[in-house]
Amino acid sequence: MEMSKTADLWWKTAVFYCADVQTFLDTDGDGQGDLPGMARRVDYLADLGVTCLWLMPLYPTRDVDDGYDITDFLTVDPRLGDLADFVELVRTARSRGIRVILDFVMNHTSDHHPWFKEARKSKDNPYRDYYVWRSTPPPDTSALVVFPDEEDSIWQEDERTGEWYLHNFYRTQPDLNTANPRVREEIVKVMGLWLELGVSGFRIDAVPFLFARDALPKKDEKFVWDPHSTLRHVKAFCGRRGSDVVLLGEVNVPREQQQAFFGGADGDELTMQFDFIGMQAAWLSLARGDARPLVEALESRTPGDEESQWVNFLRNHDELTLDKLTDEERQEVFDAFGPDPDMQLYGRGLRRRLPTMLDGDPRRIRLAYSLMFSLPGSPVLFYGEEIGMGENLDVPGRLAVRTPMQWSDARNGGFSAAAPRRLARPLTQGAFGPEHVNVAAQRNDPDSLWTFMAQLVRRYRQSPELGWGGLEPLDQPFPAVLAHVARLDGWATVAIHNLGSDACRVPLSLASLGGDGLAPVTHLTDLLSDYRVEPVTTGTGASTIEVDLDGYGYRWLRVVREGDDRIA
């Protein structure tokens, strides 16, 4: 492997794990998860194989939006611990080979943040231009609101000064004016603090909303509104603090707009982006039992440079958004995975976790995660996915999927010793509750989902071609099957996934695996089982392989050549 493909680009083959400190483990019995609890579970994450822990917001908050309404960027919420606890967590994680990145909200603050308290005092307050104001009544912006069940406009009148402030999310979350150089400097100062405390980067929240120029009244603009200069400013600052700092962006926009957020050919903005297009297409493919929508979405990925990366996920901490599908496609996914209106949110997404969407079918659950880990890019898991946690639909909105981690079948799932009424959030109940789904039962079970997920993580980490390679679909006759090959420095792994319920035998041309100047292929060996397949020469002299797949079957086939000394 080339020297450039090593430590500085650690995130190219990282396995990310998203966790909410508040719902992970409570060590002091107050019903709230805490930083000491997270530190106590670092060995668990290392055992799973995680290499980067992404922490959801842990700053002081009014808790209107589960921590995303921040009142102070410079410390941690006292319910979770203090800065000393945070440093101890980061150092403990580093000692186990795990980096830590923080959720960073660059788009807005809480309306109780000191900046906004000052800004709303008067029109000439020094902090006024930290936010976006207009002096004239706004037009109808109901079509732009993110939470239509809570808001009907992205502007809120402030009676103290008779002007309106911009809020792309809740009215209690006024948007920062990142066109203001002073705000940009505040942002990098905050980032500098957390970098000094040992974090390896940031997951940047709500990137497209940071740049909603069309929502601004043009005659009231006081600064040159250039969102990409803001990102470049942030990227340059982080680069000065460390060459291996990662900026992972939440950018749910059409494909043609995404490349700009990587920084184009210069790669001087975001390091990584979640592949929302691929995720939504994956669910459409799973609903149809047809791999073609996913292949089309993956092939549409904008080309990036060597230092940019896509992040693959099937579920995250928000609703499972399906906004980039057509109305008809979205309805297909609703019908298959969330037909009850209570399972749906805002008409565009699902507030369910993956195992319940797949009816607890272990074949389909394992297929889905095998597919996610095998796609080009870096995978991310949301806490509890490794054991197959479900949601609690009695918890409102997106919080239905943010229930406490289920460590055992003990009281409160081993999350807390507090009375159930004091828990940060109610536990999941029923067939997916901790009596049936928990870490303790699965870690020592060789047939459990946890064991399978740990195997996927290990095999992904042993196959850098999956992180570094591009998508190369392989021709084969079954619409339900996705077969692709990933390559790196002469290494190759073929991943084959059957999204349909019927078993099949998939023929693949050996020539499609490449080989010019390379030793002949002796066989392909499955990294997830003891399956092995050898090339067969046809009457025309061409070499092929035929791969057997069960319904919802999958294989990761390492290509082994004569003299290959790579350990399978």
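Helix α9 (residues 276-288) and helix α10 (residues 292-299) cross at roughly 165°, and their axes come within 7 Å. Axes here are lines fitted to C-alpha atoms, for helices over the stretch in contact, with angles running from 0 to 180 degrees between N-to-C directions. This is a predicted model: local features need pLDDT of at least 70, side-chain atom pairs count only at pLDDT 80 or more, and totals for chains, interfaces and linings use all residues. Residues are numbered from 1 along each chain as its sequence is written, and side-chain values use heavy atoms, with hydrogens and water left out.

**The α9/α10 pair**
- α9 and α10 are therefore roughly antiparallel to each other (angle over 145 degrees).
- Their crossing is left-handed (the near helix is turned anticlockwise from the far one by less than a right angle).
- From α9, the residues Ile277, Gly278, Ala281, Ala282, Leu284, Ser285 and Arg288 meet Arg292, Pro293, Leu294 and Ala297 of α10 (contact means heavy atoms within 4.5 Å).
- By class, this contact of α9 with α10 has 7 nonpolar, 2 polar and 2 charged residues (Ala, Val, Leu, Ile, Met, Phe, Trp, Tyr, Cys and Pro count as nonpolar; Asp, Glu, Lys and Arg as charged; the others, Gly among them, as polar).

**The whole chain**
- The protein chain has 16 helices and 23 strands (DSSP runs: H or I of at least four residues, E of at least two).
- The C-alpha trace spans about 85 × 55 × 50 Å along its principal axes.
- Of the 568 residues, 61% count as buried (under 20% relative accessible area, 1.4 Å probe, protein chains only).
- Among contacts with a separation of 6 or more, 70% join residues 24 or more positions apart.

Conventions
Angles under 35 degrees count as roughly parallel, over 145 as roughly antiparallel, 65 to 115 as roughly perpendicular and the rest as oblique. Buried means under 20% relative accessible area, exposed over 50%, partly exposed in between (1.4 Å probe, protein chains only).
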